[in-house]
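Colleague: I'm new to reading protein models. Could you walk me through one, feature by feature?

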Amino acid sequence: MTEAMFEDSHSNGSDDSAVDIADVMQKMAEHKGCGTEGGSGKASCGSSGGPEDMPTEIWEKVKNHPCYSEEAHHHYARMHVAVAPACNIQCNYCNRKYDCANESRPGVVSERLTPEQASKKVLAVASTIPQMTVLGIAGPGDPLANPGKTFETFRLISEVAPDIKLCLSTNGLALPDWVDEIAKYKVDHVTITINMIDPEVGQHIYPWIFWENKRLQGYEAAKILTERQLLGLEMLTERGILAKINSVMIPGINDRHLIEVNKAVKSRGAFLHNIMPLISAPEHGTVFGLNGQRGPTAQELKALQDDCEGDMNMMRHCRQCRADAVGLLGEDRSAEFTTDKIMAMEVNYDSAGRKAYQEAVEAERQAKVAAKKDELDGLELAGDMKLLVAVATKGHGIINEHFGHAKEFQIYELSQTGAKFVGHRRVDLYCQGGYGEEDALDTVIKAINDCHAVFVAKIGGCPKSDLQAAGIEPVDQYAHEFIEKSALVWFKDYLAKIEAGEIVHSDRGDAAIRQGALLSQAS
Amino acid sequence: MAYKIVGSQCTNCTACEALCPNLAISEAKGTFVIDPAKCTECIGHFDTPQCVAICPVDETCVLDTAYPRYVA
């Protein structure tokens, strides 16, 4: 075993790849004004920005990355390979003993792969799914607590499939030791999970860390962790590696504190901040799950994301994937690519075919943006009004999913400035602590209860009237059309009806973020 | 005594294997095991047994009372 685990054996070597931090910060600052897509007004910054909104070199890095670009996530897929089982810290929202094939959340995985198996799997998936552009190592432990396996996997993949972007997601404890190795393998996207910058807060989230051959607890542990995380972030920024910060929103523990975290990571050059809701159901066996620590509601999450947005890019399209997820965000095709199936597959890596497919995707994206621009006039009637609509979609930025088949809804906020993607809501059938399924339609209504309308490709008579009774307008006349364009056309019509006195606008309530395990893999 | 791994609790996360200064830990039959002949309880190497310190599940790496305490 060559893994020099957790040892500071990797000193910072050459500065060849280093760039001027001031220069990077300047580019970040320039980029932060994004959201003016050809005068469209403010979009969900960064995550949905287009090529006009950022320096060319940053756009080239993010344009095909579904996690770093909200735009891209409609079109491009990612996969995670579970080569990194060991972890060097313990989090109260994680329990590694729990592994259910039907469950979708971070830290969970069904099979552990060797670097060789992982490389074969990447080729198999890339050959089957041409829009798969990103390979990430996210666990199920911490990639940098398994540096030998992690970097060997990157090496093998960069040899056989050099067009695939590499990324990793870490808790940051070991990050400063490995930044140069990360740069060497041209990993240009790194996610750090930062839940606090104050050890007083951190001691309630992290029971222990493994540091210099000892288990440290409490304040001392959290202090070292936050110092290492912020140092690692600064080192990534110096090298021009895009950093995304994940934060788990834990009501009563770090919810308001995340505004301070947001400022701290912004000032150190983080590209994108992803505030995610705590997932904690008692059956997960996590400390938080067992203590009854609740997660945030949909509106609590959105309010915090809005508060942090200002001049920082917020990610709102995170699906909190498993460590072995495969496919577009929001779908998981990992069951098609188990080790047995991969090893039996004839793999033919078709670089030219992948390139052609991706060029077609680019054309589709541009058509979508153009369609939206055409509908931006005439929104002044909205005044200060903002409202949410839900959309059933299978991807490509089109309303192309049947209401009853939707496993999630995408949420857009409509206002005077246009249509902005602000999140998604899972509505799969869930097992609730083993008590069976609840009424599916009721689940959907609770999940999108804060929306005024739901856009679908098709919907049956019964759910239609139930939705109307709940005050949510089912809209099916824009089937197979672009989401944003359609939403804006509907919005202008809605505004016109208010103006004409046909309807009265009223605010909607809150909505629930679903907890618990997925029951239905694929329908 | 040597340490042992309670197989029913082990998550197969591999973390202990790489840390053991005696290379006493290996994978066998879907779990990890400690070779009692090689285990020194980390005495002479570290202040705390490394497998105990890194294990994500409490009470999984435990002293095996079938063996006498290790003497350096």
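Colleague: Let's start with the open sheet in chain A: in what order do its 5 strands run?

Modeller: First, the ground rules. This is a predicted model, where local features need pLDDT of at least 70, side-chain atom pairs count only at pLDDT 80 or more, and totals for chains, interfaces and linings use all residues. Residues are numbered from 1 along each chain as its sequence is written, while chains are lettered from A and ligands numbered from 1 in the order in which they are written. Now the general idea: strands of a sheet pair through backbone hydrogen bonds, either parallel or antiparallel. Here the order is S13-S12-S11-S15-S16 in chain A, and the pairing is mixed. Strands (E, at least two residues) and helices (H or I, at least four) are DSSP runs, numbered from the N terminus, and two strands pair if DSSP finds at least two bridges between them.

Colleague: Which are the edge strands?

Modeller: They are S13 and S16 (473-475) of chain A, each pairing on one side only. Further in, S11 (387-391) and S15 (451-455) of chain A pair in the parallel sense over 4 bridges. One bridge to look up is A:Val389 with A:Ala453 in S15(A).

Colleague: How do I tell which residues of helix H14 in chain A are buried?

Modeller: Count neighbours. A residue is buried if 20 or more other C-beta atoms lie within 10 Å of its own, exposed if 12 or fewer, and partly exposed in between, with C-beta atoms placed from the backbone. In H14 (440-447) of chain A, the buried ones are A:Thr443, A:Val444, A:Ile445 and A:Ala447. Their cover includes strand S13 (418-426) and helix H15 (461-469) of chain A.

Colleague: At what angle do helices H4 and H5 of chain A pack?

Modeller: Axes are lines fitted to C-alpha atoms, for helices over the stretch in contact, and angles run from 0 to 180 degrees between N-to-C directions. H4 (115-128) and H5 (147-160) of chain A pack at about 40 degrees, with axes 9 Å apart. H4(A) passes H5(A) in a right-handed crossing; right-handed is when the near helix is turned clockwise from the far one by less than a right angle, left-handed when anticlockwise. Among the residues that meet are A:Val122 and A:Leu123 in H4(A), and A:Leu156 and A:Ile157 in H5(A). By class, that contact has 7 nonpolar, 2 polar and 3 charged residues. Ala, Val, Leu, Ile, Met, Phe, Trp, Tyr, Cys and Pro count as nonpolar, Asp, Glu, Lys and Arg as charged, and the others, Gly among them, as polar.

Colleague: And chain B: how many helices and strands are there?

Modeller: Chain B has 2 helices and 4 strands, running β-α-β-β-α-β from the N terminus. Its radius of gyration is 11 Å, close to the 11 Å that the globule rule gives for 72 residues, so chain B is as compact as a globular protein of that length. (The radius is taken over C-alpha atoms; the rule is 2.2 Å times the number of residues to the power 0.38.) Buried residues make up 40% of the 72.

Colleague: How many residues does each chain give to the contact between A and B?

Modeller: Two residues are in contact if their C-beta atoms, placed from the backbone, lie within 7 Å. Chain B gives 15 residues and chain A gives 16. The elements giving two or more residues to chain B's side are H1 (15-19) and H2 (50-54) of chain B. That side has 9 nonpolar, 5 polar and 1 charged residues.
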